[in-house]
Amino acid sequence: MKSPIFVAVDTPDLARARAIAARVRNHVGGLKLGLEFFCANGRAGVREMAELGLPLFLDLKLHDIPNTVAKAVQALRPLEPAILTVHAAGGRAMMEDAKAAAPTGTKVVAVTVLTSLDADDLSATGISGDPHGQVERLTGLARSAGLDGVVCSGAEVASARRLWPDGFFVVPGVRPADAHVGDQKRVVTPRQALDAGASVLVGGRPITTTQDPEHATHAIEEEPSSPLSPSCTQGGFTRLLPRLIRLPEETTR
């Protein structure tokens with residue numbers, strides 16, 4: 001993996017997904033394929049994306065009874081994803097079975113609290129407390145289940161790493177300080193996430209919605225490794241990102 005940035009290719013259009021991936025392939029660490037892509041293109045589409053030679057992050061957020069999730073993971077084994085997500089809320093047994101069914105080399109990571117949720121959203125589902133506490137509880141559960149790490153927002157990744165020093169931490173929803181956050185509620189800048197202990201960053205719209213995604217990712221490599229400033233624009237974000245996301249050798253997995 002050249003860098004820990006996984007570009008979120010969230011489109012049902014296979015041709016567009018391949019075009020984006022082909023243009024950024026030399027500047028990123030991998031591709032994240034989520035439910036939108038998978039529901040439209042299935043395993044055949046994933047295989048086509050794999051032909052580009054980049055590690056694949058299947059962000060399917062599996063959540064069902066243990067037996068069903070295990071069989072779903074077994075069905076995905078031929079794809080050999082680099083990273084696969086399940087929901088930590090599915091419980092310890094479900095996570096244990098998911099990990100046992102996964103291919104050797106696939107990191108199974110548990111989604112803790114979606115970055116689109118805040119304390120009010122959790123309360124509406126019957127969960128008391130704030131997202132921070134829930135992330136800590138589910139991080140401990142994922143660790144005890146034998147998973148490789150968790151998905152959490154940059155706001156909680158430092159606490160999650162303190163609980164799990166050798167864990168693998170995926171941080172989605174990173175944004176520059178003045179960018180439109182869309183449906184995200186708990187966001188941080190790329191530099192903040194990395195300084196807090198992120199292993200992998202997921203970036204999507206700031207790269208994929210540009211007219212020239214290749215230039216957007218390539219330009220980052222030429223920028224100094226400095227934190228994002230409050231005046232950073234979306235264009236500045238895409239120029240800065242690859243320089244900010246170099247991984248030390250021991251975490252390129």
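This is a predicted model: local features need pLDDT of at least 70, side-chain atom pairs count only at pLDDT 80 or more; totals for chains, interfaces and linings use all residues.
**View 1. Helix α1 and its buried residues.** Helix α1 spans residues 14–24, and Leu-14, Ala-17, Ile-20, Ala-21 and Val-24 are buried in it. Why do they sit on the same side of α1? They cover an arc of only 130° around the axis, which puts them on that one side. Here is a handy rule to keep in mind: an α-helix has 3.6 residues a turn, so residues three or four places apart point the same way. Now look at the start of α1, where Asp-13 has a side-chain oxygen within 3.0 Å of the backbone nitrogen of Ala-15.

**View 2. Phe-6 and Phe-57, an aromatic pair.** The structure holds two aromatic pairs. In this one, the ring centres of Phe-6 and Phe-57 are 6.1 Å apart, with 80° between the planes, an edge-to-face pair. Phe-6 belongs to strand β1 (residues 5–8) and Phe-57 to strand β3 (residues 56–62), so the pair ties together parts that are 51 residues apart in sequence. Both Phe-6 and Phe-57 are buried.

**View 3. Trp-164 and Phe-169, also edge-to-face.** Here the ring centres lie 6.3 Å apart and the planes meet at 85°, so the pair is edge-to-face. Trp-164 counts as buried at 4% relative accessibility, and Phe-169 is buried with a relative accessible area of 0%.

**View 4. The second largest pocket.** This pocket holds about 180 Å³ of space. It is lined by 13 residues, and the closest to its centre are Ala-89, Thr-112, Leu-117, Leu-122 and Ile-127. Helices α5 (119–124) and α6 (131–144) each supply at least two lining residues. By class, the lining has seven nonpolar, five polar and one charged residues.

Note on methods. Residues are numbered from 1 along each chain as its sequence is written. Side-chain values use heavy atoms; hydrogens and water are left out. Buried means under 20% relative accessible area, exposed over 50%, partly exposed in between (1.4 Å probe, protein chains only). Helices (H or I, at least four residues) and strands (E, at least two) are DSSP runs, numbered from the N terminus. The arc is that of the directions from the helix axis to the C-beta atoms. A polar contact is a pair of N or O atoms within 3.5 Å; within protein, one must be able to donate a hydrogen and the other to accept it, and residues adjacent in sequence count only if both atoms are side-chain atoms. On a 1 Å grid over the protein atoms alone, a cavity is a set of points where a 1.4 Å probe fits but cannot get out, and a pocket is an open set with protein on both sides within 12 Å along at least five of seven lines; lining residues have an atom within 4 Å of a point. Grid points are joined across faces, edges and corners, and a volume is the space filled by probe spheres set on the points. Ala, Val, Leu, Ile, Met, Phe, Trp, Tyr, Cys and Pro count as nonpolar, Asp, Glu, Lys and Arg as charged, and the others, Gly among them, as polar. Rings of Phe, Tyr and Trp (its six-membered ring) pair if their centres lie within 6.5 Å; planes under 30 degrees apart count as stacked, over 60 as edge-to-face and the rest as tilted.
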